[in-house]
Amino acid sequence: MASARMSAEGVRASAICGICGKKYDGLTYQVVVPVLRASFDKVECAEVALNKHLREARRPALEEALFSEVERLREQLRELPRRV
Ligand SMILES: [Zn+2]
(Lines give C-alpha, C1' and ligand atoms only; values in the text may rest on other atoms or scores of the structure.)
Protein backbone atom coordinates (compact mmCIF):
# COMPACT_ATOMS: atom_id res chain seq x y z
CA MET A 1 0.00 0.00 0.00
CA ALA A 2 1.15 3.46 -0.83
CA SER A 3 1.32 5.96 1.93
CA ALA A 4 1.24 9.44 0.44
CA ARG A 5 0.98 11.65 3.42
CA MET A 6 1.38 15.31 2.55
CA SER A 7 3.64 17.39 4.66
CA ALA A 8 1.50 20.51 4.59
CA GLU A 9 3.44 22.34 7.24
CA GLY A 10 6.75 22.09 5.47
CA VAL A 11 5.28 23.32 2.22
CA ARG A 12 3.44 26.38 3.38
CA ALA A 13 6.04 27.55 5.88
CA SER A 14 9.24 27.46 3.90
CA ALA A 15 10.29 30.00 1.31
CA ILE A 16 13.50 30.57 -0.58
CA CYS A 17 15.19 33.94 -0.69
CA GLY A 18 15.65 35.12 -4.27
CA ILE A 19 18.88 36.91 -3.39
CA CYS A 20 20.98 34.60 -1.23
CA GLY A 21 19.03 31.44 -1.99
CA LYS A 22 18.67 30.61 1.67
CA LYS A 23 15.66 28.68 2.79
CA TYR A 24 13.72 30.37 5.54
CA ASP A 25 10.56 29.96 7.51
CA GLY A 26 8.10 32.40 5.98
CA LEU A 27 5.73 32.06 8.90
CA THR A 28 8.27 33.01 11.53
CA TYR A 29 9.90 35.90 9.78
CA GLN A 30 10.14 37.46 6.38
CA VAL A 31 10.83 40.84 4.88
CA VAL A 32 8.04 41.70 2.49
CA VAL A 33 8.61 44.25 -0.26
CA PRO A 34 5.26 45.09 -1.89
CA VAL A 35 6.94 47.23 -4.58
CA LEU A 36 8.82 44.17 -5.82
CA ARG A 37 6.01 41.76 -4.96
CA ALA A 38 8.59 39.63 -3.22
CA SER A 39 9.79 38.68 0.22
CA PHE A 40 13.21 37.94 1.61
CA ASP A 41 14.82 36.34 4.62
CA LYS A 42 16.46 39.51 5.81
CA VAL A 43 16.52 43.28 5.25
CA GLU A 44 19.97 43.13 3.64
CA CYS A 45 18.62 40.88 0.90
CA ALA A 46 15.61 43.15 0.42
CA GLU A 47 17.97 46.09 -0.03
CA VAL A 48 20.06 44.19 -2.54
CA ALA A 49 16.93 43.36 -4.49
CA LEU A 50 15.73 46.96 -4.32
CA ASN A 51 19.08 48.29 -5.49
CA LYS A 52 19.17 45.78 -8.31
CA HIS A 53 15.69 46.86 -9.28
CA LEU A 54 16.76 50.50 -9.10
CA ARG A 55 19.64 50.00 -11.51
CA GLU A 56 17.30 48.36 -13.96
CA ALA A 57 14.52 50.90 -13.59
CA ARG A 58 16.30 54.28 -13.55
CA ARG A 59 13.11 56.14 -12.89
CA PRO A 60 13.18 58.90 -10.27
CA ALA A 61 9.64 58.28 -9.09
CA LEU A 62 10.30 54.61 -8.61
CA GLU A 63 13.63 55.36 -7.01
CA GLU A 64 11.88 57.48 -4.43
CA ALA A 65 9.30 54.79 -3.80
CA LEU A 66 11.98 52.16 -3.31
CA PHE A 67 14.02 54.24 -0.93
CA SER A 68 11.00 54.93 1.22
CA GLU A 69 10.34 51.22 1.07
CA VAL A 70 13.76 50.52 2.56
CA GLU A 71 13.05 53.04 5.29
CA ARG A 72 9.78 51.32 5.99
CA LEU A 73 11.56 47.97 6.24
CA ARG A 74 13.94 49.37 8.82
CA GLU A 75 10.99 50.64 10.84
CA GLN A 76 9.31 47.29 10.51
CA LEU A 77 12.44 45.57 11.75
CA ARG A 78 12.63 47.76 14.82
CA GLU A 79 9.01 47.08 15.65
CA LEU A 80 9.34 43.31 15.31
CA PRO A 81 8.47 41.48 18.48
CA ARG A 82 11.42 39.53 19.76
CA ARG A 83 10.14 36.02 19.30
CA VAL A 84 12.37 33.02 18.82
ZN1 LIG B 1 18.44 36.29 1.57
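Predicted model: local features only at pLDDT ≥ 70, side-chain atom pairs only at ≥ 80, totals over all residues.
Where is the place of Arg37? The points below take up this residue after the overall layout of the model.

1. The mean pLDDT of the protein is 77, with 76% of its residues at 70 or more. Helix α1 (residues 8–13) has the lowest confidence, a mean of 51, while strand β4 (residues 38–40) has the highest, at 90. Over residues 1–11 the pLDDT stays under 50, and for this stretch the model has zero contacts beyond four places in sequence.

2. Layout. The protein contains three helices and four strands. Read from the N terminus, the order of elements is α-β-β-β-β-α-α. Of the 84 residues, 13% count as buried. Taking contacts between residues at least 6 apart in sequence, 27% join residues at least 24 apart.

3. Arg37. This residue lies in the loop between β3 and β4. Arg37 is not a glycine, yet has a positive phi of about 50 degrees. Arg37 is exposed, because 7 other C-beta atoms lie within 10 Å, and a residue counts as exposed at 12 or fewer.

4. Nonpolar core. The largest nonpolar core has 10 residues: Cys17, Tyr24, Val31, Val33, Phe40, Cys45, Ala46, Ala49, Leu50 and Leu66. At least two residues of this core come from each of β3 (31–33) and α2 (43–57). The most is given by α2, with four residues. As general background, nonpolar side chains tend to be buried together in soluble globular proteins.

5. Phe40. This core member has contacts with Cys17, Gly18, Ile19, Gln30, Val31, Cys45, Ala46 and Ala49, leaving aside residues up to four places away in sequence. Among the residues touched by Phe40 are Cys45, Ala46 and Ala49, which are buried residues of α2.

6. Geometry of α2. Helix α2 has 15 residues and spans 20 Å from its first C-alpha to its last. That is close to the 21 Å expected at 1.5 Å a residue. Just after α2, Arg58 takes a positive phi of about 55 degrees.

7. Which residues in α2 are buried? They are Cys45, Ala46, Ala49 and Leu50. Viewed down the axis of α2, these buried residues fall within an arc of 135 degrees, so they line one face of the helix. An α-helix has 3.6 residues a turn, so residues three or four places apart point the same way. On the face of α2 turned away from the buried side are the exposed residues Glu44, Asn51 and Arg55.

8. Leu50. This residue of helix α2 is buried because 22 other C-beta atoms lie within 10 Å, where 20 or more are needed. Not counting residues up to four places away in sequence, Leu50 touches Val33, Leu36, Leu66, Glu69 and Val70. Val33 and Leu66 belong, like Leu50, to the largest nonpolar core. Leu50 and Glu63 are 13 residues apart in sequence, and their C-alpha atoms are 9.1 Å apart in space.

9. Val43. This residue is also in helix α2, but Val43 is partly exposed, with 15 other C-beta atoms within 10 Å. Setting aside residues up to four places away in sequence, Val43 touches Val31, Leu73, Arg74 and Leu77. One of these, Val31, is part of the largest nonpolar core. A separation of 8.7 Å is found between the C-alpha atoms of Val43 and Gln30, which are 13 residues apart along the chain.

10. Ser39. This residue is in strand β4, the element with the highest confidence. The C-alpha atoms of Ser39 and Tyr29, 10 residues apart along the chain, are 10.0 Å from each other.

Methods
Residues numbered from 1 in each chain as written. Core = buried A, V, L, I, M, F, W, Y, C linked by C-beta atoms within 7 Å. Contact = placed C-beta atoms within 7 Å. Expected span 1.5 Å × (residues − 1). Arc of directions from axis to C-beta. pLDDT = per-residue confidence, 0-100.
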